[in-house]
Amino acid sequence: MAENPTPVAVVILAAGQGTRMKSATPKVLHQIGGLPLIGHVLRTASALAPERAVVVVRHERDVVADAVTGLLPGVDVVDQDEIPGTGRAVELALAALDGFDGDVLVLSADVPLVEVSVVEGLLARHRAAAACATLLCATLDDATGYGRVIRGADGAVERIVEQKDASPDELSVREINTGIYVFRAAQLRTSLASVGTANAQGEKYLTDVIGILRTAGEVVAASNAPAAQDALGVNDRVQLSEAARALNARTVRRWQLEGATILDPATTWIDVTATLAPDVTVLPNTHVLRATTVERGATIGPDTSLVDCEVGENATVTRTDATLAVIGRGATVGPFAYLRPGATLDAQSKVGTFVEIKNSTIGERSKVPHLSYIGDTTIGRGVNLGAGAITANYDDLAKHRTEIGDEVHSGSHNVFVAPVRIGDGAKTGAGAVIRKDVPPGALALSVAPQRNIEGWVENNRPGTAAAEVAARARSAQEADDGEQEQDG
């Protein structure tokens, strides 16, 4: 936002227990869009470039404080004491802002969808009105549970009344207080000193400051939220899912407008921390999560989940579950592939159907097409592994690495018993169990003579269907052999 003539400090209220969530996790740490609720609020605060930022905590204090400082380094964390209420929380935050003389923006940690532009508009309205306080309002068809904004005959804000303290006439008001405000710091300090706890909840309400300022003849302004639903808090799991859907719809639309093709927004989930380049195609039922980046021309999905992955230009990832994987330019993955942390696929490589890759590098133009497990392995360029390749990398005590050189071609159903190295250009036969290093250009075989025990099924499984058909087949074969002898 543009440089402001008046400094801004942000106070974020995060002390509530959130009992309606019915969760061991603090309410403000429940996640939507790849961040905890408070993470979205902190991002908004950071975008405003405030002079100071304070978060007030209480319930699960240490857990919340650790999360907050991890998300916004340099933020001040203040503990709310035994006196309940948002007024007391802001009063303690102001004590931490001792000496600050500017505008104090108050945000709620459980209101994650308010966009930076809305808050900028609130600040602009506050300054244009030369107000002591400006609140963000919204109008709802059903205002149950929210504090009502009571206006005078001239339309100016007079006071805010909480749901439990409202009269029947006041309860009919549909304009609500969203809990987001801007105050002049000096007047806020003075007014909070006059706020008591004589109300239905026995709390020190921040909302009482509005009435105190108006009684003192100060200007109180209001700004309306463009989309009421975006200014509402999250108090239970239903509202959490509603907020997640709203945020995801916003995120999907943003990437569509940036040039990504997203065929079915209703089944596509993209975290706010993920990045899509133009000309990316995202097919239905696909999740692009956390810090995943997808480069130009890549196609993701359908039925794919990417967590903290890097996908290169023109790559194709189909029906795949991948976490902390790097998929190179032009690589193809899936369907039904599983890329675990540390999987790196170089350019033009292929990981095919029912293949699991973990902590391994698949070299340029190399292929692991079918039914394979590759773990703790380095594969060179131009390699083709036959169906059913397995790297046996764990000896019950430690993991060991397999190294497969360039242009190696393996037969089907090979087991590479690590630690082992397959030299450049080597080949292995079908069914080989490779326990020793294979020199460059060598053919590795592990062949035992085949032994057939005639009549074993009939002798050891008498009465079974297999024994019956085997006996008939044997008799037919013996008869056929006899006829050939007579003809000869």
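This is a predicted model: local features need pLDDT of at least 70, side-chain atom pairs count only at pLDDT 80 or more; totals for chains, interfaces and linings use all residues.
Reader: Which residue in S23 does Glu310 stand opposite?
Author: Strand S20 covers residues 310–311 and strand S23 covers residues 326–327. The two strands run parallel and are joined by two bridges. In S23, the residue opposite Glu310 is Val326.

Reader: Which strands are the edge strands of the open sheet?
Author: The sheet is open and has nine strands with parallel pairing, in the order S14-S17-S20-S23-S26-S28-S30-S32-S35. An edge strand pairs on one side only, and this applies to S14 (275–276) and S35 (420–422). The edge strands are therefore S14 and S35.

Reader: How far apart in sequence are the parts that Arg58 and Glu82 tie together?
Author: Arg58 and Glu82 form a salt bridge, with the closest N and O atoms 3.2 Å apart. Arg58 is in the loop between strand S4 (52–57) and helix H2 (61–71), while Glu82 is in the loop between strand S5 (76–79) and helix H3 (86–96). The parts tied together are 24 residues apart.

Reader: Is Glu82 buried or exposed?
Author: A residue is exposed when its relative accessible area is over 50%. Glu82 has a value of 64%. Glu82 is exposed.

Reader: Where does Arg174 lie?
Author: Arg174 forms a salt bridge with Asp141, the closest N and O atoms being 3.1 Å apart. The pair links distant parts of the chain, 33 residues apart, with Asp141 in the loop between strand S7 (133–139) and strand S8 (148–151). Arg174 lies in the loop between helix H5 (168–171) and strand S10 (175–184).

Reader: Which strand holds Glu158?
Author: Glu158 forms a salt bridge with Arg214, and their closest N and O atoms are 3.2 Å apart. Arg214 belongs to helix H7 (residues 208–215), so the pair ties together parts 56 residues apart in sequence. The strand that holds Glu158 is S9 (residues 157–161).

Reader: How many salt bridges does the structure hold?
Author: Some salt bridges are linked in a network, which includes Asp81, Arg88, Glu91 and Lys204. For the structure, the number of salt bridges is 26.

Reader: Which helix contains Asp487 of the negative surface patch?
Author: The patch is formed by Glu478, Asp480, Asp481, Glu483 and Asp487. Asp487 counts as exposed, because its relative accessibility is 70%. The helix that contains Asp487 is H10 (residues 465–487).

Conventions:
Residues are numbered from 1 along each chain as its sequence is written. Side-chain values use heavy atoms; hydrogens and water are left out. Patches are made of residues with over 30% relative accessible area and no salt bridge: like charges are joined within 9 Å, nonpolar side chains (Val, Leu, Ile, Met, Phe, Trp, Tyr) within 5 Å. Accessible areas come from the Shrake-Rupley method with a 1.4 Å probe; for residues, only the protein chains shown count as cover. A salt bridge is a side-chain nitrogen of Lys or Arg within 4 Å of a carboxyl oxygen of Asp or Glu. Lys and Arg count as positive and Asp and Glu as negative; His and the chain ends are not counted. The place of a charge is taken as NZ of Lys, CZ of Arg, CG of Asp or CD of Glu. Helices (H or I, at least four residues) and strands (E, at least two) are DSSP runs, numbered from the N terminus. Buried means under 20% relative accessible area, exposed over 50%, partly exposed in between (1.4 Å probe, protein chains only).
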